[in-house]
Each structure stands twice: as structure tokens, then as C-alpha cells.
Amino acid sequence: MPTPTYVLTVSGSDSSGGAGLQADNRAIIAAGAFPLNVVTAITIQSPAGVLAARPVPAKFVARQLQELLQAYPFAAVKSGMLVDVEIVEALAFALEKYPGLKYVCDPVLRASSGRSLLTTEAVALLRERLMPRAVLTTPNLDELAALSGLGGPDLSSAQALAQEIGQAILLKGGHGSGAECDDWLLRANAKPQRFTAPRIHSRNTRGTGCALASGIAARIAQGENLPTAICNAKERLQESLQAHRGDDWTGDGPGFL
Ligand code: PLP
């Protein structure tokens, strides 16, 4: 009998469906795995952006983590919006008990519309407690700048961060410019590896960061190695962006369907 591949996401709900756990779930299902969700925050979002956000109490997040991790044989965990220090701590504590569990960290700092989704103190804690535990962290250029504090943001600051953390970093080029959208995999003591695709100009790109990290986690969960999982998740995201670039959404549409 086939056994489902369970992937756990620890992220916020986007009531407008573009990003957050809603994007995570679409990407995980598309990759052939089954998503379960620890919800960290409830947001109110409309075509105008994030109107309000309320964290789920950290104790309640901790309980969700405890019950799910105990009950299901997860193959991977992916985190997104973690809101504050207490929730980052709850996740770090839970992961300590499952050292073999593959963990992908999407360091969500703010919504595309500008609202902060992680406090400044929590950024430092994420770097200290979660990134060293993650098989991969997936910053965009702004997130790299906030996490590295090493100038740039560029490939050398990403390489230095990977070296310092001792884990892999995928620097995403989606917010950059140029005809190609290059993502770079940086690992300690290894040459940078490039994943490239033609840049697609579209309004419908919400939640692409969430979907990419979740797609990678779902593929790692199914036994793919890191570069293969990145390559396949990026290819699938690219197909979706291309197919839906002209769709007439109410507001900016999702990048992954
Ligand atoms: N998580 C939630 C709940 C959000 O609302 C957002 C953006 O609005 C994000 C994550 C980040 O989304 P993206 O994948 O576009 O970086």
C-alpha cells in the first residue's frame, strides 16, 4: 500500500490565497506529497495587501508542533512567516527533538506590499537557532542583507553566510533585474552552483518564495538530493509563472497554481 509523504509547514495563513500556507500547500501537493500545517499567524489580506496580522499564541504553536511531530512520520519541515521571537523559539525547540528531520527555512521578513512579517529580534534568533539546523535557507536579496550584515547583498556575502552557518543557502534572484532569473546555491567549501531560467514579467507572482521553498522541501522529502530538488522545484514554478502570466486576477495573482 502506498504511504503518503508527509511534509509539515510552519507558516502564516494568507486569507487572499496567494502566499503563506495556501501557497505552501499547492506546491507540496503538486510535488506529490501531503501537506500538514502548523499555523503561526492569521492575516487579513485583500488586493490592497496585508491589512492586519495576528500571531497565533506561541504556546499554541508549540502544542501544534508537538502533537503533529509525535503523530506523523514527517519526511521534511518547511517554515515561512514566524512572526516573533517566541514562535522562532518554539520551532527551534521542537526541531531539537527530531535531529534527523530535514528542515527548509524560508526567512520571510516582509510581504511584497511592505508589511513586516518578522520582528527584528526574531531575525537574529532565526539566524542563530534555525539556520544552522536547516538543510537549506532561501533568502531573496533583501532577506540576505538583513541576515548577513556583511555588505552586499551579493554572492560573496551569501557564500560567507553559508560558510559561517555551515549550511546551504539558496540566494533567489527573483527580485533582481536582467533577462535571466538566477538562483545560486552556496555551500561551505564548495563552488557556487547556478540555477537559471528566463525572467518572466508578470503581475502574478505572489507567494513564489513560499512555493519554491515548499516545492524543494517536498522533493527532499521524497529522496531527491538538494541540487536536484532545487532544479525540479524551480522548473515547476517557472512553468506555472509562464502559464499564468496573462491571467486576469483580482489584484496580483499567485505565482504558483
Ligand atoms: N507568508 C504570508 C502569510 C504572507 O502573507 C506572505 C506575503 O504576503 C509571505 C509569507 C511571503 O510571500 P512570498 O512568497 O511572496 O515571499
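Trainee: Where is Ser157 found?
Mentor: Ser157 is in helix H6. Bear in mind that this is a predicted model.

Trainee: Is Ser157 buried or exposed?
Mentor: Buried, because its relative accessible area is 2%, and the cut-off for buried is under 20%.

Trainee: What does Ser157 touch?
Mentor: Leaving out residues up to four places away in sequence, Ser157 touches Leu144, Ser148, Leu150, Gly151 and Gly152.

Trainee: Moving to H4, which residues are buried there?
Mentor: Helix H4 covers residues 120-130, and its buried residues are Ala122, Val123, Leu125, Leu126, Arg127 and Leu130.

Trainee: And what do they pack against?
Mentor: The buried residues of H4 pack against helix H3 (85-96), strand S5 (102-105), helix H5 (141-148) and helix H6 (155-165).

Trainee: What span should H3 have?
Mentor: With 12 residues at 1.5 Å a residue, H3 should span 16 Å, and its end C-alpha atoms are 16 Å apart, which agrees.

Trainee: New topic. How many aromatic pairs are there?
Mentor: The structure has 4 aromatic pairs. In one of them, Tyr6 and Phe34, the ring centres are 6.1 Å apart and the planes are at 80 degrees, so the pair is edge-to-face.

Trainee: Which strands do Tyr6 and Phe34 lie in?
Mentor: Tyr6 is in strand S1 and Phe34 in strand S2, so the pair ties together parts that are 28 residues apart in sequence. Tyr6 counts as buried at 16% relative accessibility, whereas Phe34 is partly exposed at 44%.

Trainee: What about Tyr6 and Tyr72?
Mentor: Their ring centres are 5.2 Å apart with planes at 70 degrees, so that pair is edge-to-face.

Trainee: Which residues form the aromatic cluster?
Mentor: Tyr6, Phe34, Tyr72 and Phe74 form one cluster.

Methods
Residues are numbered from 1 along each chain as its sequence is written. This is a predicted model: local features need pLDDT of at least 70, side-chain atom pairs count only at pLDDT 80 or more; totals for chains, interfaces and linings use all residues. Side-chain values use heavy atoms; hydrogens and water are left out. Buried means under 20% relative accessible area, exposed over 50%, partly exposed in between (1.4 Å probe, protein chains only). Helices (H or I, at least four residues) and strands (E, at least two) are DSSP runs, numbered from the N terminus. Contact means heavy atoms within 4.5 Å. The expected span of a helix is 1.5 Å times one less than its number of residues. Rings of Phe, Tyr and Trp (its six-membered ring) pair if their centres lie within 6.5 Å; planes under 30 degrees apart count as stacked, over 60 as edge-to-face and the rest as tilted.
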